[in-house]
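These are my notebook entries on one structure. I set down what I looked up and what I found.

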Amino acid sequence: MALLGSTAMAQESRTFDVSLPLGPQSHQAVGVHKFGEELERLSEGRLKIRPHYDNALGAEREVVEGIGLGLIDMGITSTGPMGGFTNEFLLFDLPYIFRDHEHAHAFLDSEHGETLAQRLEDAASVKILAWMENGFRYNTNSVRPIKTLEDMRGIKHRTQESSVQVDTWTALGANAAPMAWTEVFTALQQGVMESQENPIPTIYDVKFHEVQDYLNMTQHVYSPAPLMIGAQLFASLSPEDQAIMLEAAEIATPVQREASREMEERLVGELETLGMEVTYPDLAPFREAVQPVIAKWKDTVGTELVDAAMNFQAPQ
């Protein structure tokens, strides 16, 4: 009878609601759509997703909490809110840890990514299915082009709700303050804030060019975008369906990462066409200026983890 019960569970049909912070044309949506296609294919149509775009189910922290509580099935977000659940995730708020995409991907695909995922599951009852990406983050502002570190001085800069990010932008000379994502566009429009930072696809998707004149290629932080499911919901699935979900996520991840990089490269040109002035500052002084921030937060995040991330070499 146990075998019959397991088979019956494996045949259960289910549609999972998935929260996205951005729209249906975004780099995040590419990954979620591919995941949904593979989920449907591998389950022969039994398992499907229903995407909800543009924070329709709540802001990122609310979504992560909702997934853990079983109120939301699944979601993709930045790692911005996750330092509030477990200090290790503050790693992704620290500036100039990852050199390039290959460095970040190799680190996340190693045992370090597995350990971080387990920490979040233990702390928030949220299971990471895949380390998709937002990408490297860049500064935009409405005051002046950032050609040198001195150009950041005094600019009213919005950070995510993270003390590490406030410290980082303060160290870079800005007048930094945290603000919820849903308020940012209006704050920039009204001049309450003058500056923000995000990956290029997000800057384009949200139409920041309408309220920001300058795009500055600061590449200060690498931002993952974990695809997540409630840990209890995942545990309630049959072993067969758990395997299907993990395989669908594994197939979708490189597709999403590639789309993210392609969009980053292409959309810088699009943003320039739309009127933004693009600058490529010398980043050495920026890296130097934030060393005290890394030193201050290293113990909190975990000295070994920070060192492992900064020095990580992909296996040959």
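In strand E8, which residue is the bridge partner of Glu133? I found Pro224 in that place.

**Entry 1. Basis of the notes**

I am working from a predicted model, in which local features need pLDDT of at least 70 and side-chain atom pairs count only at pLDDT 80 or more, while totals for chains, interfaces and linings use all residues. Residues are numbered from 1 along each chain as its sequence is written, and side-chain values use heavy atoms, with hydrogens and water left out. Helices (H or I, at least four residues) and strands (E, at least two) are DSSP runs, numbered from the N terminus.

I looked up strand E4, residues 126-141. I take buried to mean under 20% relative accessible area, exposed over 50% and partly exposed in between, with a 1.4 Å probe and protein chains only. Of the 16 residues of E4, 16 are buried, so the strand is largely enclosed by the rest of the structure.

I then checked its pairing, for which DSSP must find at least two bridges between the strands. E4 runs antiparallel to strand E8 (residues 214-230), and 13 bridges join them. E4 also runs antiparallel to strand E7 (residues 195-199), here with 5 bridges. In E7, Gln196 is the bridge partner of Thr140.

**Entry 2. Val221**

I went on to Val221, which lies in E8. Val221 has a relative accessible area of 8% and is therefore buried. Contact here means heavy atoms within 4.5 Å. Leaving aside neighbours within four places in sequence, I listed its contacts as Phe92, Asp93, Leu94, Pro95, Gly135, Phe136 and Arg137. Pro95 is 126 residues away from Val221 along the chain, yet their C-alpha atoms are separated by 5.1 Å.

**Entry 3. Helices H2 and H10**

How do H2 and H10 pack, and at what angle? I noted about 150° between helix H2 (residues 27-42) and helix H10 (residues 239-273), with their axes 8 Å apart. The axes are lines fitted to C-alpha atoms, for helices over the stretch in contact, and angles run from 0 to 180 degrees between N-to-C directions. The angle makes H2 roughly antiparallel to H10; the cut-offs are under 35 degrees for roughly parallel, over 145 for roughly antiparallel, 65 to 115 for roughly perpendicular, and oblique for the rest. The crossing is right-handed, a term for the near helix being turned clockwise from the far one by less than a right angle, whereas anticlockwise gives left-handed.

By class, I recorded 13 nonpolar, 5 polar and 4 charged residues in the contact of H2 with H10. Ala, Val, Leu, Ile, Met, Phe, Trp, Tyr, Cys and Pro count as nonpolar, Asp, Glu, Lys and Arg as charged, and the others, Gly among them, as polar. The H2 side includes Val30, Phe35 and Leu39, and the H10 side includes Ile244, Ile251 and Met263.

Gln256 lies in H10. At 0% relative accessibility, Gln256 counts as buried. Not counting residues up to four places away in sequence, Gln256 touches His27, Gln28, Val30 and Gly31, and also Met132 and Glu133.

**Entry 4. Helices H6 and H12**

The crossing of H6 with H12 is right-handed. Ser163, Val164, Asp167, Thr168 and Ala171 of H6 meet Val293, Lys296 and Trp297 of H12. I counted these by class as 4 nonpolar, 2 polar and 2 charged.

**Entry 5. His101**

Is His101 buried or exposed? With 9% relative accessibility, His101 counts as buried. His101 is found in helix H4, residues 101-108. Neighbours within four places aside, I found it in contact with Glu133, Phe136, Tyr222, Arg261 and Glu264.

**Entry 6. Positive phi**

Glu44, not a glycine, has a positive phi of about 55°. Glu44 sits in the loop between H2 and strand E2 (47-52) and, at 75% relative accessibility, counts as exposed. Tyr96, not a glycine, also has a positive phi of about 55°. Tyr96 is in the loop between E3 and H4 and counts as buried at 10% relative accessibility.
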